[in-house]
Amino acid sequence: MAEQYCKGCGALIQHENKTMPGYMPEKSSDYDAGKLVLCQRCFRLRNYADVITSSLTNDEYLTVIDKISKENALIVKIVDIFDFTGSFVPAIKRLTGNEDVILVGNKMDLLPKNVKPERILNWLKQMLAREGFTVLDSILISAKYGYNLDELMQLIDKYKGKRNVYIVGCSNVGKSKIVNQILKRYLGYPTDVITVSSSPGTTIGLIGFPLLDGTMIFDTPGVINKHQYTYYLTRPSYKITVPKKEIKPLVFQLNEGQTLFFGGLARLDIINGETGDRVNIVTYFANTLNIHRTKTIRADELYESKLYSLLTPPFNENEGVPKWVYHDFRIRDNLKYDIVFSGLGFVTIRAPFYIRAHAPFVVGIYARPAII
Ligand SMILES: Nc1nc2c(ncn2[C@@H]2O[C@H](COP(=O)(O)OP(=O)(O)OP(=O)(O)O)[C@@H](O)[C@H]2O)c(=O)[nH]1
Ligand SMILES: [Mg+2]
C-alpha cells in the first residue's frame with residue numbers, strides 16, 4: 001500500500017507502535033476511499049479532547065525544515081501576541097533559508113478590547129526592529145474570531161507570486177487553526193481538516209493543500225520552546241494557566257517589601273519603588289490564575305507551606321516544575337515596562353523601579369517596553 005499521511009497532523013501512518021506518531025489500528029475503515037485519514041491520536045483529540053503527547057524529535061523537525069530550505073517559498077511566521085518573546089524564535093529565517101517573511105501576531109482576542117490594534121502593531125514593529133528582523137509586512141489577527149483574516153489573505157496573495165506558502169512558528173501559536181480558517185473561508189472546505197489542540201506538539205508533519213492557482217499552502221509542526229512555562233505543566237495546571245479568552249488586567253498598588261504570587265508558578269517582589277511611592281502594577285494573566293499578595297519577608301515561608309494548597313497551580317509535587325531562580329530589574333527612567341514570564345503572562349510597571357522576579361530557571365523572564 002502506498003504511504004499515507006494523517007490528514008490531521010501530517011504524521012506518516014503506521015500500524016506498529018501505539019505510542020509513536022501516526023499510529024492507526026490495522027483494520028481501520030478510514031482507509032475507505034474518500035474518508036479523512038486520521039491517526040488514532042488525532043481521532044481521540046478531536047472526539048474526546050483526549051491528549052496523547054507525542055512530539056517530534058529534533059531530527060524529524062530538521063527534516064521538515066530542510067524541505068522548506070530547498071525551496072524559494074513565502075514564509076508566514078506566526079507569533080502568539082500574548083507571549084511574543086517566548087514564541088518569536090528568531091532563527092526561523094536561518095533555518096528555512098528564506099528571506100521573504102510575513103509576520104503574523106495571532107490571538108489578538110486575548111488582549112483587552114480597549115487596547116487599540118494600531119498600538120500593538122507599532123509595538124510589534126518596534127520589537128522586530130530591536131531583534132534586527134526584517135519582514136515584508138506584519139499583521140495582527142485572531143484565528144479564533146476571524147479578525148483580519150481577509151487582510152492576511154490579501155498580504156499572502158500580494159507577496160507569494162508563484163511560490164508555495166509555509167505557515168511556520170513556535171508550537172501552539174495557532175498555525176493549524178489559521179490554516180483551517182483559510183481552508184474554510186477561501187478554499188471551500190466545509191469543516192476543519194487539521195487537528196488543533198491546546199497541547200504543544202500537535203502537528204507532526206507537513207500538511208499541504210492546493211491553493212486556487214495550483215501552488216500549495218503548508219501547515220508545519222511547531223518549534224517547541226523549552227523556555228515557555230507551559231512546556232512544563234500537566235493538563236490540569238495548563239488549563240488554568242493558558243488564557244482562553246480576553247484577559248482582564250488587574251491593578252495592584254504595592255509598597256516596598258510586598259510580593260505577588262502568580263499561583264505557585266512565579267513571584268514578584270517590590271524591593272524598592274525608587275521614588276518611595278507606591279508602585280502601580282497591572283497584571284496580565286489568564287483570568288483563572290489566582291494572584292496572591294503577601295509581605296516579602298513572609299513569602300519564602302508561604303511558598304514552603306502553601307504550595308499546592310493556597311498557591312496553585314501546580315497541584316502536586318509530581319508536576320515536576322524545575323527549581324526557581326530570580327532576576328532583578330532595576331530601571332531608572334520613567335517609561336513603562338513589561339516584566340514577562342514566558343508563556344505565563346506579564347506585569348506592567350512604570351519605572352523607576354527595583355523589583356525581583358522569581359520563576360523556574362528554565363522559564364524566560366524578560367523586561368521589554370510595555371505592549372499596552
Ligand atoms: N484565544 C485564541 N486561541 C487561539 C487562536 N488561535 C489558536 N488558538 C488556540 O491555540 C491552541 C493551539 O492552536 P493550534 O492551531 O493547534 O497551534 P499550532 O501552532 O498549530 O501548534 P502545533 O501544531 O503544536 O505546532 C488551540 O487551543 C487553539 O484553539 C486565537 O486566535 N485566539
Ligand atoms: Mg499545529
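## Buried residues and the magnesium site

A residue counts as buried when its relative accessible area is under 20%, as exposed when that area is over 50%, and as partly exposed in between, using a 1.4 Å probe and protein chains only. By that rule, threonine 203 is buried, with a relative accessible area of 9%. Serine 176 is buried too, at 9%.

Before we go on, a word on where this comes from: this is a predicted model, in which local features need pLDDT of at least 70 and side-chain atom pairs count only at pLDDT 80 or more, while totals for chains, interfaces and linings use all residues. Residues are numbered from 1 along each chain as its sequence is written, chains are lettered from A and ligands numbered from 1 in the order in which they are written, and side-chain values use heavy atoms, with hydrogens and water left out.

Now for the metal. The magnesium ion (ligand 2) is coordinated by Ser176 through OG and by Thr203 through OG1, at 2.0 to 2.1 Å. Serine 176 sits in helix H7 and threonine 203 in the loop between H7 and strand E5 (207-210), so the pair ties together parts that are 27 residues apart in sequence. Donors here are N, O and S atoms within 2.8 Å of the metal (3.2 Å for Na, K and Ca), and water is not among the atoms, so sites may look incomplete.

Who else does serine 176 touch? Leaving out residues up to four places away in sequence, the list is Ile194, Thr195, Val196, Thr203 and Asp219, where contact means heavy atoms within 4.5 Å.

Helices (H or I, at least four residues) and strands (E, at least two) are DSSP runs, numbered from the N terminus. Helix H6 (residues 149-160) packs against helix H7 (residues 175-186) at an angle of about 90°, and their axes are 11 Å apart. Axes are lines fitted to C-alpha atoms, for helices over the stretch in contact, and angles run from 0 to 180 degrees between N-to-C directions. H6 and H7 are therefore roughly perpendicular to each other; angles under 35 degrees count as roughly parallel, over 145 as roughly antiparallel, 65 to 115 as roughly perpendicular and the rest as oblique.

Which residues meet? From H6 come Leu149, Asp150, Leu152, Met153 and Ile156, and from H7 come Ile178, Gln181, Ile182, Arg185 and Tyr186. Sorted by class, the contact has seven nonpolar, one polar and two charged residues. For that count, Ala, Val, Leu, Ile, Met, Phe, Trp, Tyr, Cys and Pro are nonpolar, Asp, Glu, Lys and Arg are charged, and the others, Gly among them, are polar.

Strand E2 (residues 101-106) is mostly covered, with six of its six residues buried. Val101, Leu103 and Gly105 lie on one side, Ile102, Val104 and Asn106 on the other, and both faces are covered.

E2 runs parallel to strand E1 (residues 74-80), joined by six bridges, and isoleucine 78 has valine 104 as its bridge partner in E2. Strand E3 (residues 137-140) also runs parallel to E2, with four bridges; here leucine 103 is partnered by serine 138. Two strands pair if DSSP finds at least two bridges between them.

## An open sheet

Another part of the model holds an open sheet of five strands, in the order E7-E10-E14-E13-E16, with antiparallel pairing. Its edge strands are E7 (250-254) and E16 (365-369), each pairing on one side only. Direction ignored, neighbouring strands are turned by 25° against each other on average.

Inside this sheet, six bridges join strand E13 (residues 336-341) to strand E14 (residues 345-350). One bridge links phenylalanine 341 with glycine 345.

The peptide bond from proline 313 to proline 314 is cis, with omega near 5°. Proline 314 lies in the loop between helix H9 (296-306) and strand E12 (324-331). Alanine 351 and proline 352 are also joined by a cis peptide bond, with omega about 5°.

Lysine 107 has a positive phi of about 70° although it is not a glycine. Asparagine 148, in the loop between E3 and H6, has a phi near 65°, and this asparagine is buried, at 18% relative accessible area.
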